Structures are given as C-alpha cells and as structure tokens.
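I opened my notebook to go through this structure one stop at a time. Here is what I looked up, in the order I looked.

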Amino acid sequence: MCSIIAYKGYRDAAPLIVRGLSMMEYRGYDSVGLATVHNSRLVVRKGVGNVGHVNARLNLDGMYGSVGIGHTRWATHGVVNDINAHPHVSCDGRVAVVHNGIVENHVELRSMLTTRGHIFRSETDSEVIAHLLEYLPTPVVYDGNSISKALLDLTSMLSGSYSFVALVHDGTLVGARNHEPLIIGLGNPRKGRDGMLFADECFIASDVLAFIGHTDKAVFLADGEAFIVREAQKGLSIEVYDRHGKVAKDVTQVAWEFADIDKGRFAHYTIKEIHEQRDTISRAFSIEGSRVHEVVRTLLASRRIVVTGSGSSYHAALMAKHLLSRICMVGCDVVVASEFLYSMDTHYVDDDSNCDHGVGPVLLAVSQSGETADVLDAVRMARSKGFRILSLVNSPLSTLARESDLFLSINAGPEIGVAATKSFTAQVALLYRICMEMAKAMGRSTMEIDIGNPSMHVGSILEGEEHIASTAERIKDASSVYIIAKGIHHVIALEGALKLKELAYVHAEAIHAGELKHGPLALIDGKSVVIALNPMDQTYRDMLTSVHEVKSRGAYIIGISDAESSLYDTILAIPGVEPLLYPLYEVIPLQLLAYHMALKRDCNPDYPRNLAKSVTVK
Ligand code: G6P
C-alpha cells in the first residue's frame, strides 16, 4: 500500500521523512516523493524506485525546510512512472498532497475540475485532492481561518477509502482519514487550558513505525476526522475536526513492542523475524489469561463460529478449524476474507442472538496488521448481520482491534518483512492456547497438552539452516515445487507454498497427497521437486505411499519429518515435539527454504515485487 509521512517541527524535515518512509517500505515501494516548504515555496522531488534508490538519485534527504510530506507509492490507478509518483501539486503550486487509498469518484471529480480549468498532470485518482483543495469555495490555500470548513467540504466530496496529508505553502499541514490509517505522533505534547493540543513537533504517518524512533506519544484519528497542524504561540497547535465540529483527542502512549525495529545482526528483516520465533511462539502461548478466558467463554456460548483472514492469516484461520475440531470437537466455518461478501448467505444466521444461552454467531477475524481492507469489510458486514466480533491481531492499536468486541494481541512485535513468518506461528500458537483453554472449560482434561520448550524446538530447527540453504541451492532452478501433505499438515503446505511464491517467485503448490493420483501426478517427472510433509503421526503410512508414487516418477524428494526414510533425497528434520503441536514447527523449515531460495534467485526477500505487507485497498 502507499505510505504517508509528514513532519513539522524544529528539525530538518527531509531526513526524518526519508527515514520514516524506509521504515514503512514494507507497505509498498514503486515510487517515492517528498515536498518541503523552503522560503515560502513548495519544492517537490519524486521518482520511480525504492526509497534508497530515489534518495540516492534525487538527494531527497538534502531538501531544505522544517516542514514536509513524503510518500511511497504502491500503484493502483496509473502506471508506475515519475509523474504518477506523489506528491501531487495544485495548479497554482500552493498545495501538495500525498494520498493512500482510492478516491472512487475521481473520474467525476476530475471531469468537473477540468471543465473549471484545472490541468491534471498525472493519471492518478490522488491528484484530484490537490485540485479540490485549490478549487473549494473557501480554499485551504487562501483562507487560514476557514481551513476546517474547507477540509470538511473536501471530505464530503470524496468517496472511497483514503487518508491524505496536504502541505500548504505557508507551512500548514492538513489532512483527513477514511478507512485508511493515519496517526499523529507528537513530540512533547501538552494541553492548553481550553483542552487545545500543542506539541513541539508533529509526525503524521500511516504507521507508528515511521516515527516511533522519535516519539511514543500519538493521537489516533478516527474515520471521518480531519486535522490541521499549524504554528501557534505555544508551539504547534493540533486541531481535529469531524462533521459535528472540533473533537477533543487523547494522546496515547504507543506500546514498547514497536521499538524493536532494527535488523540487528541479520541481513534481512525476514530472516531476523524467522529467528525471532524462538521467543514469539512462547510469548503467544503465554498471553495474559483473563482476556483469553473471555474469548473462550464467548466462543463456547456462540451458536456458530466463522473464522476469516487473508493470506497467511487465512491459513491461520484454516488451522483454527483443524484445532477446534481436534482439540475441542467444535465445528466452525472458515471463509477467506475477500470471499466473505459472496458467501454471506450461507453464514447469515437469522436473529440468532435470541438463543437461550448464547451470544449469537461469532466472527473470529485473524490479521497481523489489523488493517487489511478485505478483513475489515468482512467484519463490518458480519457485524451488520448480528455477529459478535473477536479478533487476533499483532497491532493492538489497529482498526480491527478497535472495531472488535474483544481482541487478543499475538504479541509478536513489529513484522517488517512483507511475507508473514513470526506472525503466522504466533497466531497459530495463540489459537492452540485458545483451543486448549476451551477444551479445559469443556471438561476435556484429556486434551491438556504440555507445550514444552518452544524456544528450544525452534532453536533446533534453526540449527539446520545451513543444510536448508544448501537444499535451496540444489533446487533453486526448479520451475515448480509441489508440497504434498495430509490432514492439518496440508494447511502448512499451503503456507509453505505461499512463502515460496512470495519470497522466491517460484511456482509452488500445496497438494493433498491422496489427490495426486486424481490429476497432479501427470505433472511429475524427473525435473520435479516434491516436498513431503511427513510426520510420524496417523498420516505417516499413507504419506509414504504418495511419496513412492512421486519417487517412482523421478521427482527429487525433500522430506520434512521427524523420521528418516530412504525415500527422501534429503531430509529437513523436525526434532521430537509433542505430536499435537508439531504443525506449528513444521512451517519453519519451509520459511527458511523460501528465504534461502530467494537469496539464491537474487530476489529481495524483505520486499517481494508487486506485494505489500498491509493491503488496505480492496
Ligand atoms: C498481505 C501480506 C501477507 C499477509 C496478508 C494479510 O498480502 O503480504 O503477508 O498475510 O496481507 O495481512 P494481515 O495483516 O491481515 O494478516
């Protein structure tokens, strides 16, 4: 997705903005741009490439001025080129805008503005905002006193999801949000007698990661709110408005977890985050009890459970189905968030809230970011049909957390690599915990499981990294990788295939091993690479039959298993873990394999092409 950051204060804006943009590069990185005000004039530099490249080419962080805006683009409307990069500037050059989201009525607005003489330079939907700011009856650029009215007039004209920040040539920053994140970080915030908010410096960004190195005090804007940051006698004043007038906002202390945002000794965030699973799995298992119990009570009392998510979080949702069934003997439906709209008929439970003992239907939404548009849409739709909303998120300050009746944080710390790794295992660990607590509450004491020492289990898988890297070297030229598995392990196969696609750009497919003979076997020949997820459990024997089938067609076989077999050309070993918990660890060799294949194939594992970490558009 696009990322926005703005700065106004007493320091040089450009270096802070460039650093903030690199921290948010996980969201998208087709092109980059900055605008600052210097000597009362707007200066804009922008171009195609990632933050490092564009900065090196255009010397972005050498731009003058103590106020500025910056943007990384993830193209939706208009090709990737220098002109379509943000900021976009009004015809009179007095206001520059950066935008994240989609202005759905941009075609109508563009034609209205064109007939009134505005000249558009880019193909983007975003540029209409710059022209509207100039066109409005009380234009922001000319009339400082009516800024709030102008802003609200503007937002009433825009439809769709957006967050934007505009830099006016007098150094004022204005903006608004609707279904896209926008957070104001404040340096030395304080309140005046009338409740007015002041600060020494302000950061306005799509993600707290952009400014957490400078301040942990923040104001979270709600949908429909607009803000103005300008010079005042007591420093900078921060005013927030909605359509009813001025809104008094609280300053939030942003959680400590966000501070851990360096690569440390690792070459990439992705590998750092894979290694962090030594701690994150244990942390997720040991989330504070009372909130988990409340989730358990709600799930037990509900008439129907539907679980949703996107990408890796969807795979965690699929794990939830297996775990609820295996550990608690409770059924649930799983719907991928982007399909929720089309399957609502099946999941709509008419007036279920009147049932005797229950809380009606429950939607459990799983999301690392808590900002995925498809997930938020599913949640809003489910709520409108009477569902209670529970969620598992990594960001407790996210929109999903705020829109849920109850949320649990997976507590994995910031995940910067675009491909989910530690957040997936933390989601799954927390789902195990929930299911174990549910089983206990249901009197199924036979399902009490010793979680053992997750850190040790992860550690011994990581010890095999060198061997996994040489396996990656062996298969790096494969055009397809097939991952065969049975039962719950098929979900891990799906997640492993997703990692290979995202990180190494290799076609990878998860196959139910028993389905090989119903079609996929036709693809297998001497050039095929097959990964067999083959734990020593009830799937073992049948899996061996399938491994024989692919072996006899000449495939190169990688076994991921806790038991040796002469059928494997190589084995990625899983040390002895509690069988029920085994799938949680089984994904780690696949993450490592995908990471090392990415390196061997010259792909940047942290920022896969065409992908963004937080997909806040539909
Ligand atoms: C994007 C990311 C995936 C992620 C998915 C869901 O597609 O690239 O890694 O799994 O969004 O994100 P969420 O934040 O909702 O878990």
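**Entry 1: a proline in a loop.** I started at Pro87, which I found in the loop between β4 (67-73) and β5 (88-89). The model is predicted, so I am noting backbone details as features of that prediction. Is the peptide bond from His86 to Pro87 cis or trans? I read it as cis, as omega is near 0 degrees. For context, I reminded myself that most peptide bonds are trans.

**Entry 2: positive phi.** Most residues other than glycine have a negative phi. Asn188 is not a glycine, yet I noted a positive phi of about 55 degrees there. Where does Asn188 lie? I placed Asn188 in the loop between β9 (183-187) and β10 (190-191). I then checked its accessibility: Asn188 has 46% relative accessibility, so I logged Asn188 as partly exposed.

I wrote down Tyr505 as well, a residue other than glycine whose phi is positive, near 50 degrees. Tyr505 sits in the loop that runs between α16 (489-504) and β24 (507-512). Is Tyr505 buried or partly exposed? The relative accessible area of Tyr505 is 23%, and buried would require under 20%, so Tyr505 goes down as partly exposed.

**Entry 3: who surrounds the ligand.** Then I turned to the ligand. How many residues surround the ligand? I have 14 in my notes, and the closest are Ser313, Ser367, Gln368, Ser369 and Thr372. I sorted the shell by type: eight residues are polar, four are nonpolar and two are charged. Which helix gives the largest share of the shell? That is α9 (residues 311-328), with three residues.

Entry 4: A polar side-chain atom of Ser313 is 2.5 Å from an oxygen atom of the ligand. For Ser367, I noted 2.6 Å between a polar side-chain atom and a ligand oxygen. Ser369 also places a polar side-chain atom 2.6 Å from an oxygen atom of the ligand. How much of the ligand's area does the protein bury? Taken alone, the ligand exposes 390 Å², and the protein buries 90% of that.

Note on methods: Residues are numbered from 1 along each chain as its sequence is written. This is a predicted model: local features need pLDDT of at least 70, side-chain atom pairs count only at pLDDT 80 or more; totals for chains, interfaces and linings use all residues. Side-chain values use heavy atoms; hydrogens and water are left out. A residue is near a molecule or strand if one of its heavy atoms lies within 4 Å of it. A polar contact is a pair of N or O atoms within 3.5 Å; within protein, one must be able to donate a hydrogen and the other to accept it, and residues adjacent in sequence count only if both atoms are side-chain atoms. Accessible areas come from the Shrake-Rupley method with a 1.4 Å probe; for residues, only the protein chains shown count as cover. Helices (H or I, at least four residues) and strands (E, at least two) are DSSP runs, numbered from the N terminus. Ala, Val, Leu, Ile, Met, Phe, Trp, Tyr, Cys and Pro count as nonpolar, Asp, Glu, Lys and Arg as charged, and the others, Gly among them, as polar. Buried means under 20% relative accessible area, exposed over 50%, partly exposed in between (1.4 Å probe, protein chains only).
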